[in-house]
Amino acid sequence: MSESKRPYSTPHATGPIEPPMSAEELEAAAAANEADALAQLENAQAELTALQSQVAELKDQALRAQAEAQNARRRADDEIAKIRKFAVESFAESLLPVLDSLEAGLKVESATAEQLREGTEATLRQLLSALERNKVVEVDPAPGARFDPANQQAISMVPADQEANTVVSVLQKGYTIADRVLRPALVTVTAPK
């Protein structure tokens with residue numbers, strides 16, 4: 001067959017040209033396209049509804065998590081306040097026997113020097129016991145001990161017959177509480193030779 005006799009084709013066409021559609025076919029195609037578009041629209045609307053529901057759920061979860069974090073922070077702050085309050089209360093309670101002993105000693109009008117000394121020593125033991133129960137530890141380095149700047153303060157350097165940077169004497173004891181320095185010990189140290 002020659003090229004001119006080929007039905008429904010053109011010399012430049014890559015394939016046969018389809019015959020024009022009838023009105024019924026056009027109507028059916030339009031209806032099919034409309035049905036496809038409607039189905040796609042319904043799918044998109046269903047997907048949009050699902051996504052909106054998911055967003056609402058995530059917002060709710062985020063709000064709940066934020067509220068839970070605020071509540072946890074508030075509980076922690078309350079707990080810290082209670083700990084501070086009761087820590088001071090416990091410390092004060094441990095000092096009450098010392099107060100009682102001092103008041104009792106002052107009520108004795110005709111005490112001898114020996115009785116006053118014994119009462120003072122007993123009161124000092126009570127005070128040291130109360131401090132120890134509350135983790136207050138004395139810093140009182142012995143002569144010749146290595147100088148420790150973490151809990152000692154050198155007031156002066158003096159020549160001495162011992163190794164350099166060692167404690168010669170303690171001018172004032174220091175104290176720590178739970179490994180934290182309340183007051184450093186005031187010491188004199190050996191000067192380098």
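Where in α1 does a kink of about 30° lie? Select leucine 96: the kink is there, shortly before proline 97. Keep in mind during the tour that this is a predicted model.

Start with the whole protein chain in view. Two helices and six strands make up its list of elements, and from the N terminus on they run α-α-β-β-β-β-β-β. The radius of gyration is 47 Å, well over the 16 Å that the globule rule gives for 193 residues, so the protein chain is more spread out than a compact globule.

Next, colour by burial. Of the 193 residues, 11% are buried. The protein chain exposes about 15,600 Å², with carbon and sulfur atoms supplying 57% of that area.

Now select residues 23-107, which form helix α1. This helix has 85 residues. From its first C-alpha to its last it reaches 124 Å, close to the 126 Å expected at 1.5 Å a residue.

Stay in helix α1 and select serine 94. Is this residue buried or exposed? Serine 94 has a relative accessible area of 10%, and because the cut-off for buried is under 20%, it counts as buried. Show its side chain: a polar atom there lies 2.7 Å from the backbone oxygen of phenylalanine 91.

Conventions. Residues numbered from 1 in each chain as written. Predicted model: local features only at pLDDT ≥ 70, side-chain atom pairs only at ≥ 80, totals over all residues. Heavy atoms only, no water. Helix = DSSP H or I, 4+ residues; strand = E, 2+ residues; numbered from the N terminus. Expected span 1.5 Å × (residues − 1). Bend = angle between axes of the 7 residues up to and from the residue. Rg over C-alpha atoms; globule rule 2.2 N^0.38 Å. Buried < 20%, exposed > 50% of the residue type's maximum accessible area, 1.4 Å probe, protein only. Areas by Shrake-Rupley, 256 points an atom, 1.4 Å probe, with all protein chains shown as cover. Polar contact = N/O pair within 3.5 Å; in protein donor to acceptor, adjacent residues only side chain to side chain.
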